[in-house]
Amino acid sequence: MNIMQFNVRLAEGGAAGVALDLHQRALQAGINSRFIYGYGKGGKKSASHESITAVEKHTPRLTSVANIALFRFLNRDAFGSLDSLFSKMMLTNGPLVLHFHVLHSYWLNLNKVVAFCQRLKAVKPDVRVVWTLHDHWSVTGRCAFTDGCDGWKQGCKACPTLTNYPPVKVDRAAQLVGDKRQLFRDMLALGCRFISPSQHVAEAFNSLYGAGQCRVINNGIDIATEAILAEISTGMPATGVAKVAVVAHDLRYDGKTNQKLVQDIIALGKRVEVHTFGKHSPFSGTNVVNHGFMADKQRLMGELNQMDSLMFSSRVDNYPLILCEALSIGLPVIATHSDAAREVLAKIGGRTVDETEALQLVGLSKTQLAQAVFGRELAAFKAQSREAYSGKQMLEEYVGFYQGL
């Protein structure tokens with residue numbers, strides 16, 4: 001079996017983490033796999049490029065820059081195709097699985113991707129296409145993260161904001177949504193099989209394209225994180241003050257981090273100590289520690305292991321790996337209501353809470369939270385979490401899926 005994983009980024013973001021983990025686990029299992037990505041920071045090679053086997057940067061910097069500039073007005077990526085890979089795919093011996101992940105975000109034109117797949121399937125019948133949907137882009141006119149908006153159900157007729165990612169200056173979603181959805185139907189007609197890590201994303205897709213067209217395979221912890229977790233014993237904070245972690249790539253973005261809620265937690269004073277992990281923290285105070293962005297996963301996990309809880313208030317994530325990772329080291333998660341958090345926590349009997357209850361829970365210790373939110377002793381909570389979010393299980397499900405195509 002030959003597999004090509006496709007994602008806009010190599011090692012940045014949750015979708016990249018899933019795609020890269022599938023790639024690396026496949027190589028470990030003796031499966032021929034390559035990882036094709038759009039670009040790294042600034043349109044250059046990813047910082048991780050040289051350290052990962054069998055990867056290929058695909059999109060020229062000028063293409064991504066042009067797409068970024070034009071998307072603000074066109075609401076779609078004007079340039080970028082997979083045509084340069086055609087000969088390589090044709091020369092591949094045996095079945096070939098094209099596994100798409102995030103194809104938006106300034107690196108590929110969807111029309112050209114569909115045309116490429118149609119052309120390739122016509123001359124190489126043993127090509128199989130799989131597409132994992134990590135967000136809602138497949139059902140909307142332009143947005144990847146709906147942030148609670150359900151306007152896509154009425155055809156994106158009146159977009160409430162221009163700032164939902166990817167942001168625009170002029171909204172053309174209503175004009176584009178029909179043709180865009182037809183392209184997804186064209187992919188279904190080609191035999192493309194759709195998967196999502198999130199039940200609510202799968203349900204949205206199936207409501208438009210037909211019952212059972214998208215199945216669910218949950219995300220799991222990646223190889224590198226599993227190795228880190230194996231060496232971490234459950235840490236117990238030394239002080240009597242409850243330590244609350246807040247994690248986001250950019251802490252200013254309210255869609256990922258509820259600014260008011262975090263400020264309300266800080267206002268509790270000496271009862272709690274808020275530790276932020278991410279760029280551009282807007283939070284300050286005598287009980288705030290801003291650690292900054294940590295690219296080193298081992299260091300991040302070590303720091304989180306010293307916390308009493310992770311406060312998760314994102315409205316835009318779909319199956320957040322940070323929850324899986326935190327839970328797997330025995331760190332209780334206090335999550336406000338969202339489909340994503342509810343789905344992740346339900347796997348181990350957890351629950352989401354409203355802002356009022358969140359403010360009550362953040363003052364509890366790690367041991368108390370394991371009982372209050374998850375209904376079990378801390379050691380049992382950690383053991384169940386480690387098993388529930390295993391990445392090995394994710395690979396086995398995907399490989400079984402590939403083999404059944």
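Modeller: A polar contact is a pair of N or O atoms within 3.5 Å; within protein, one must be able to donate a hydrogen and the other to accept it, and residues adjacent in sequence count only if both atoms are side-chain atoms. The model is predicted: local features need pLDDT of at least 70 and side-chain atom pairs count only at pLDDT 80 or more, while totals for chains, interfaces and linings use all residues. Residues are numbered from 1 along each chain as its sequence is written, and side-chain values use heavy atoms, with hydrogens and water left out.

Colleague: Which residue caps the N-terminal end of H4?

Modeller: Helix H4 covers residues 110–123 (helices, H or I of at least four residues, and strands, E of at least two, are DSSP runs numbered from the N terminus). At its N-terminal end, a side-chain oxygen lies 3.1 Å from the backbone nitrogen of Asn-111. The residue that provides this oxygen is Asn-109.

Colleague: Within what arc do the buried residues of H4 fall?

Modeller: Leu-110, Val-113, Val-114, Phe-116, Cys-117 and Leu-120 are buried in H4 (under 20% relative accessible area; exposed is over 50%, partly exposed in between; 1.4 Å probe, protein chains only). Seen down the helix axis, they line one face of H4, because their directions, taken from the axis to the C-beta atoms, fall within an arc of 160 degrees.

Colleague: How many bridges join S4 to S5?

Modeller: Strands S4 (residues 96–100) and S5 run parallel, and strands count as paired if DSSP finds at least two bridges between them. Within this pairing, Val-97 has Arg-128 of S5 as its bridge partner. The number of bridges joining S4 to S5 is 5.

Colleague: How many residues of S5 are buried?

Modeller: S5 spans residues 127–132 and is mostly covered. Of its 6 residues, the number buried is 5.

Colleague: Which residue does a cis peptide bond join to Tyr-165?

Modeller: The bond has an omega of about -5 degrees.

Notes
Right-handed = clockwise from strand over helix to strand, strands pointing away.
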